Amino acid sequence: MTGRYHVAMRNVAGLLLAALVVGAAPMRRSTTDPIQVNVKLSEWKVELSQATVTAGAVTFAITNAGSIPHAVEVEGNGIEQEAAVIQPGATAALTVTLKPGTYDVYCPVGQDSHKKLGMDTRLKVVSATSPARPGYGASAPEAGRASAEPVRAIRVTGGGPVIQILPGAFPFPDSAAPILEQFGDEREGLESQVKNGPYSNNVAPISGSFTFTARDKGAVRDSVEGVADFTTQDGARWNLVLDRVQTKDVPHHPRFGGVILGLYYHGNTGVHTPLVPTINSAVALWAFGHLSRNGTRVTDDAMVRVMLLSRTRRAGDFALACWDCAKNKLDELQLQILPGPGEPKFDAPGGFLFVNWEQSSSRKPAS
Ligand SMILES: [Cu+2]
């Protein structure tokens, strides 16, 4: 047991925390004294100072060590208790009386979008007679989502009116402003997109087709295959062949291994840009593709973003119709194409391509 304590102490790195772990040893416990579990929140994990505690009152001492607001919910065995939203750098405490069993400790922000991103872990509660073992509890990725989950796939076909989105002003600048403040280095670039960017009401009806199949295999090895053909407002004919997924995360822009199915984000969630209204997505992915214009190859490293999401635009003029669109039907298919790293802008308005299929559909592909 002594040896195990030493290992645990090194793992939790810090005398203060080590002292708490020792203080939390089951033998010292009295029924009136809540046990303390330290909870560290960050993007995108929940770390507990110990994975197992003895039954009774437990005080969760929560620190938001991330860069956006988070919260904590403790759920299981009929218990569901939540600490209010905690700003970055702030702390909070939540005391809950727990009986033996396993509890989910997760961030409930964004209708569970943070939970899906990995902010989810387990706390085991044992009866006071069986020994509790201190040690840092691992967050979800290795233990849960990544390894055990089966492959999930979706086949999406673009349909309905096809529109090209041209540079213009974002129609909800006041709603986006407080969210943009959390975006650090990226803020300046995003603020210029508020005035003149791709999330505008400046649209042109065009024609084209787009079909793809995406597979979510957890944190790695996601895949996508698909082809888009469309003719833009200027008469240019574009062809995109999706090659492989992009997996590298950048701050505020997790890639979820390339493909993620079923996510609530954007808008007021603090996940990805707020210059898209708050939405649910059936599938979102980041990929590289081969792009041609009028039969001539433009790049083999086009950066592609695809989403089948809650409808954000109204029929008729296709203006962005809602800041929170999360309850709308998931039938808007968005395809955004940007030049690869270091490559010149495309010969298109604003240097980018952004095409929506407004009444699209999805199904489970035949495997
Ligand atoms: Cu969170």
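**A strand pair and its surroundings**

Tutor: Strand β8 (residues 101–106) and strand β9 (residues 120–126) run antiparallel and are joined by six bridges, where strands are DSSP runs of E with at least two residues and helices are runs of H or I with at least four, both numbered from the N terminus. Two strands count as paired if DSSP finds at least two bridges between them. Within this pair, Tyr103 has Leu123 of β9 as its bridge partner. The model is predicted, so local features need pLDDT of at least 70 and side-chain atom pairs count only at pLDDT 80 or more, whereas totals for chains, interfaces and linings use all residues. Residues are numbered from 1 along each chain as its sequence is written.

The pair belongs to an open sheet of five strands, in the order β3-β9-β8-β5-β6, with mixed pairing. Because β3 (52–54) and β6 (79–86) each have a single partner strand, they stand at the edges, and one side of each is left without a neighbour in the sheet. From one strand to the next the twist averages 20°, the axes being lines fitted to C-alpha atoms (for helices, over the stretch in contact) and the angles running from 0 to 180 degrees between N-to-C directions.

Turning to the helices, α6 (residues 173–180) and α7 (residues 187–195) pack with their axes 11 Å apart and at an angle of about 180°. The two are therefore roughly antiparallel to each other, a label given to angles over 145 degrees, with under 35 called roughly parallel, 65 to 115 roughly perpendicular and the rest oblique. Pro173, Ala176 and Leu180 of α6 make the contact with Arg187, Leu190, Glu191 and Val194 of α7, contact meaning that C-beta atoms, placed from the backbone, lie within 7 Å. These residues divide into five nonpolar, no polar and two charged (Ala, Val, Leu, Ile, Met, Phe, Trp, Tyr, Cys and Pro count as nonpolar, Asp, Glu, Lys and Arg as charged, and the others, Gly among them, as polar).

For the protein, which has seven helices and 20 strands, 40% of the 367 residues are buried, that is, they have 20 or more other C-beta atoms within 10 Å of their own, while 12 or fewer means exposed and anything in between partly exposed. Among contacts between residues at least 6 apart in sequence, 65% join residues at least 24 apart.

Terms used:
Contact = placed C-beta atoms within 7 Å.
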